[in-house]
Amino acid sequence: MILPELSPFKMKPGSLKKLALVFLAIVFALVLVQLITAPYKVNKQWQGVNTENYDYEHPQDSLVRHLAYLRALDIGSTQDSIYLIISLPDSSVSIAINGVKFYSTHIDEYDIDNFLTSISTSTVFNQFQRPLHSKEVAATIIKEPIKVKIAPKNAEEAAKMVTLPDSTIFENAIINYATENGMLLTLEGSNTEGWFIQSWNQLIDRLTSITATAYRIVVGIVHFEIYEYQPELTIKIDNVALTSIYRALPKEPQIVIYF
């Protein structure tokens, strides 16, 4: 009788299943660690660029934030191109040139990242006391009509550029601005659909965002890359206003953010 050879590398029944569970547990732990540490890393980076170490008590926080906003507006007033102004306390989105706002619209609703509301006032001051340059822009709106235009010299000329679009307004318009400090600013057209459809769409958007984040982290782990957290601010305004603002702005505008 010949006995089969025993290989030291041969797995016992159920070993593969246990190995897979261990692997999934390790991946889950790495994903969890990255989700927890990524915002902390961004906070440290934002604190590391401090030019002035403001550290006020809570009662004065709103004054320091407003001072940062005024400084950003002052710097923006020196720009020769049109820039974007987001003001959550005023519930307004505006565009301006040379310090003069020539078009504004009301914010219907917004969703601000918990990270942005939890960072210290000194970090807010040092990050938002100047306009943020948008490094990347993605939109569902095309910048039409395509015409050769001379850059506006003042607010009066700029205001003439902000007219109703020549083509159909884009439904569910979305514009994403990735800023120089790693933020993601999203401008969306207000949804005029019923409550149920709006709630359903918000749920789908949230699940899609969570799935996309988890996918990026897992792919990063496979490629030995560190997940980069991106604080988000989503704002919803009128579709017509959103289309007009987008077409009036330069391709990669400066953005003043006040919250």
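Trainee: Which residues line the largest cavity?
Mentor: In this predicted model, the largest cavity is lined by Arg-65, Ala-68, Tyr-69, Val-124, Phe-128, Ile-257, Tyr-258 and Phe-259. A cavity is a set of points on a 1 Å grid over the protein atoms alone where a 1.4 Å probe fits but cannot get out, and lining residues have an atom within 4 Å of a point.

Trainee: Which elements give two or more residues to that lining?
Mentor: They are H2, H4 and strand S9 (254-258), and H2 gives the most, with three residues. Helices (H or I, at least four residues) and strands (E, at least two) are DSSP runs, numbered from the N terminus.

Trainee: What volume does the largest cavity have?
Mentor: Its volume is about 50 Å³, taken as the space filled by probe spheres set on the points, which are joined across faces, edges and corners.

Trainee: New topic: at what angle do H2 and H4 pack?
Mentor: Helix H2 (residues 61-76) and helix H4 (residues 121-128) pack at about 5°, with axes 9 Å apart. Axes are lines fitted to C-alpha atoms over the stretch in contact, and angles run from 0 to 180 degrees between N-to-C directions. H2 and H4 are therefore roughly parallel (an angle under 35 degrees).

Trainee: Which residues of H4 make the contact?
Mentor: Thr-121, Val-124, Phe-125 and Phe-128 do so, contact meaning heavy atoms within 4.5 Å.

Key:
Residues are numbered from 1 along each chain as its sequence is written. This is a predicted model: local features need pLDDT of at least 70, side-chain atom pairs count only at pLDDT 80 or more; totals for chains, interfaces and linings use all residues. Side-chain values use heavy atoms; hydrogens and water are left out. Angles under 35 degrees count as roughly parallel, over 145 as roughly antiparallel, 65 to 115 as roughly perpendicular and the rest as oblique. On a 1 Å grid over the protein atoms alone, a cavity is a set of points where a 1.4 Å probe fits but cannot get out, and a pocket is an open set with protein on both sides within 12 Å along at least five of seven lines; lining residues have an atom within 4 Å of a point.
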